[in-house]
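These are my notebook entries on one protein model. I set down what I looked up, in the order in which I looked.

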Amino acid sequence: MILEILINTDDGEEDYDTTWYPNGYASNQSTIGHDGTGSCDVGLRFDNSGIAEDASILNAKIRVKCAVNSTKRPTLKIRGILQAAPATWDQATRPSTRPKTIAAVDWDIGTDWAINTWYESPDITSIIQEIVNQTGFNGDIALVIEDDASPSNQYENIWDYNQGATESPELVVTLGSTTKIQKSLTYYLEPQIQGVNLPKQLKYAVDATPSPIQKSLTYRIDLPGVSLIQKALKYGVLTTPTPITKQLKYCIDKAPIKITKSLRYEIVPPPAIEKQLKYTILTQHLIEKELRYFIQEAIPPTEKSKNQVLKTYNVIEQNSDDGREDSDGNWNKDGNASHIITMGNYGGKTHTGAFRFRHVNIPRNATIFFARLRLRCAYTDSTAFTTKLRIKGIKEADVQPFSATNKPSTKPKTVDTVAWEIYKQWNVNEWVQTPNLLLIVQELVRQSDWKAGNAMAFIIEDDGSAAENCKSVWDSSSGAEDKAELEIYWFDKEVNVSFLQLNDRDGEEDYRDKTPPTNAWYPDGWGNNRITCGDDGTYSPDASPNDAGFIFSPILIPKKAQIVSARLLVTSDNQNNAMTNWIIRGFAEDNAAPFASDGSNRPSTRMKTQAWVQWTLGVAEGGILTGIHWTAQSVYESPELKEIVQEIVDRAGWIGDASQKLGLVIESEHSAIGNAKYIVDYSKGGAGQWAAQLIIAWQQKRRTTTITKDLAAYDKANYPEFIIVHHSATPRDSTKFITIKNAHISYGWGDIGYHKWVSGLLDGDGILIQGRPENWIGAHTNSNKQNYRSIGVCVCGDFHSTAGNEIPTAAQLATLQQLLDTIRKQRNTPKERVLGHTEVPGAATNCPGDNLLPYIQNYRLTGSLT
Ligand SMILES: [Zn+2]
């Protein structure tokens, strides 16, 4: 086809990148090249070409008609204007102001030009193809013929449209095959299923592809950016948790329709890969599109979860995905005029909040581990009034966006619902977490037509609140940082949820280390039906631990089942920034007894599991450990507890029937003084509706592991074969554990460097405090790879005779003796493998000081420090 300039404002001359002349500089002639003063360029626009977006361009060239006989030989360059809908030219939108294509074609004039003769440019297919491939390309094509460093006074003059419609430049384009790109993509992607080496297979695919597409792909491969893309893909394979081949296979299955458009529209899902794509966008525009295609369709695998609990995370994506309906049936997708979704009883009406999440990638019939909404409060309540709400799912396999005709009240709801009775004050911009929505999500993914990637929606209705009792959260129209979130943990095996069935199943124990303990056990927590957990500051500056005990049932898990994941869910009773350091242990009992009201079997009196898990509610910010914020009446989950539960389920006397009970304790492990969090006790709210839950995912089939040491793994985990004793090299009677822990965290370490700490006077003379878990790599002895093969024990004090010249106290030595004996017994470690730090080959240190080292040496000889 031949495209012509149709209007005088569609061509003209720009001089020196500053001034636009719509009729050329003079006499309807446009100058291209160097006019003796500077560079002159010509802008051309071909309106309404009729070429479709993504059309295949076979060849293209520009024709210009010479206006003056010339022996000049300028060097020119043609570029496209990279705009999907380029406007006509004027001074404000002259060529130098507009974005250009990456593709560019040199046009070096090598002959004399004669007046009124037509001359043709070299082929500019690459430029036109790049223009046509823009999303939303509207058929208008704009080009610029630029001076490309011509010597002074080397230029041509060509006729402008103002000279006459048939005199102005033309664009000649031949369209290629109309074969859709996506079809051929499907074709050449097939071989990729066979293996993982993506770059190689891409090359192979290119060779094997039929002509039109093959050409463009080959061309792209030849471009310099391609090696980068191969790297990016390789990188993607490494970082993606699932093999990328599977994802590609899925792409192919789903490939039938639009590629480029839908892909650009939804690049969101896997963030690691998304980054890679941005990188490729910078290096090569043309390739970007197809890569985006791969990624976008790469819905995470939905088949096998490889024996672990998986998590999906969704955020409200569009404004039609959330909003509020009142009891008069009015739907408002922005909540109200202030972008607030009100839920409950307000203004004489009841209000329902609605939240829809797209692309929920959970396979049908998956087992839900737990699920919750996270909502951001939009209002600070004046008091702690009670609002009674009820959460329901919308019982459709792929919920459509909300609208006035498709509003929550018109939709079918799930049979299972979750009560959400909020008795606490909310504060603006806090994040609240709902109770566990497991039952609702479970019902939704069991629908016969549910598919991974479908949309899922929840509504929160009033459930009998008193007049003017309501809660407010931000609508998505308020801003990106305010959008509601959905978190679902799921699994493809079996899950057991157990509860605190009665009031004797939880409570608080105070000051377990005081003798004799006074008022030690509180079945309903210490006050307000809440369990203080952490350090309540009573014995400041001494530690004042408050612990929480829990007995759960039923635990319908057979003996020797494999525990895949276990989490404790607790509800926070207040808004709280406290920094607590907790250790969770199990009761080493076949069938844990409920707590006696007189405290006779309170947690500290019972046998604990060997396995324990640290739960530190602090984060290191700028070297300072800061408490993690808990919101009033939100539900929080513990770290992974599977090792504890496994140890209990493996007990000889474990039965696993409906009466089976399992106990856990959260112990304060030297939380910062006066730092405690509050957990709602069973006694609050009657039937334990806010009480703790224990969720366990398990499977019948037991995994077996070899005992052969894997060299790669050897560098990633601690395999203790030695015990290394250190001193803190700080004053024995004025150093606190938490001070050293904070200092180590400030180095960027995950925790204190040692596994065990024998305290000085401030934490209690000779108290054993747990440092990092024993299976973590230590950060105490660099030489001899000991950080990977030892338990690091630190005795508080400066035992160097030329420095602090302190000596270990009798209590410290007694604790150290017991600790060394215990570790050795548990791990079958010979006493010869207990070393002072300085004795480790390669260690350049005097640690643990010559006032402590002789005790260690004596221990190696006799098994006794003294
Ligand atoms: Zn040391």
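Which side chains meet Arg45 or Asp10 in a salt bridge? I found that the side chains of Arg45 and Asp10 meet each other, at 3.1 Å from N to O. A salt bridge here is a side-chain nitrogen of Lys or Arg within 4 Å of a carboxyl oxygen of Asp or Glu.

Before going on, I noted that the model is predicted, that local features need pLDDT of at least 70 and side-chain atom pairs count only at pLDDT 80 or more, while totals for chains, interfaces and linings use all residues. Residues are numbered from 1 along each chain as its sequence is written, and side-chain values use heavy atoms, with hydrogens and water left out.

**Entry: salt bridges**

I returned to the pair of Arg45 and Asp10. Arg45 lies in strand β5 (residues 39–46) and Asp10 in the loop between β1 (2–4) and β2 (11–15), so the pair ties together parts that are 35 residues apart in sequence. Helices (H or I, at least four residues) and strands (E, at least two) are DSSP runs, numbered from the N terminus. Both Arg45 and Asp10 are buried. Buried means under 20% relative accessible area, exposed over 50%, and partly exposed in between (1.4 Å probe, protein chains only). I also recorded that Asp10, Arg45, Asp47 and Asp140 are linked in a network of salt bridges.

Next I looked up Asp381 and Lys471, whose side chains meet in a salt bridge at 2.4 Å, N to O. Asp381 sits in the loop between β18 (367–376) and β19 (387–394) and Lys471 in strand β23 (residues 470–474), so the pair ties together parts 90 residues apart in sequence. Asp381 is buried at 4% relative accessible area, and Lys471 is buried at 0%.

For the whole structure I noted 42 salt bridges.

His726 is buried, with a relative accessible area of 2%, and Cys847 is buried at 8%.

How many disulfides does the structure hold? I recorded zero, a disulfide being a pair of cysteine sulfur atoms within 2.5 Å.
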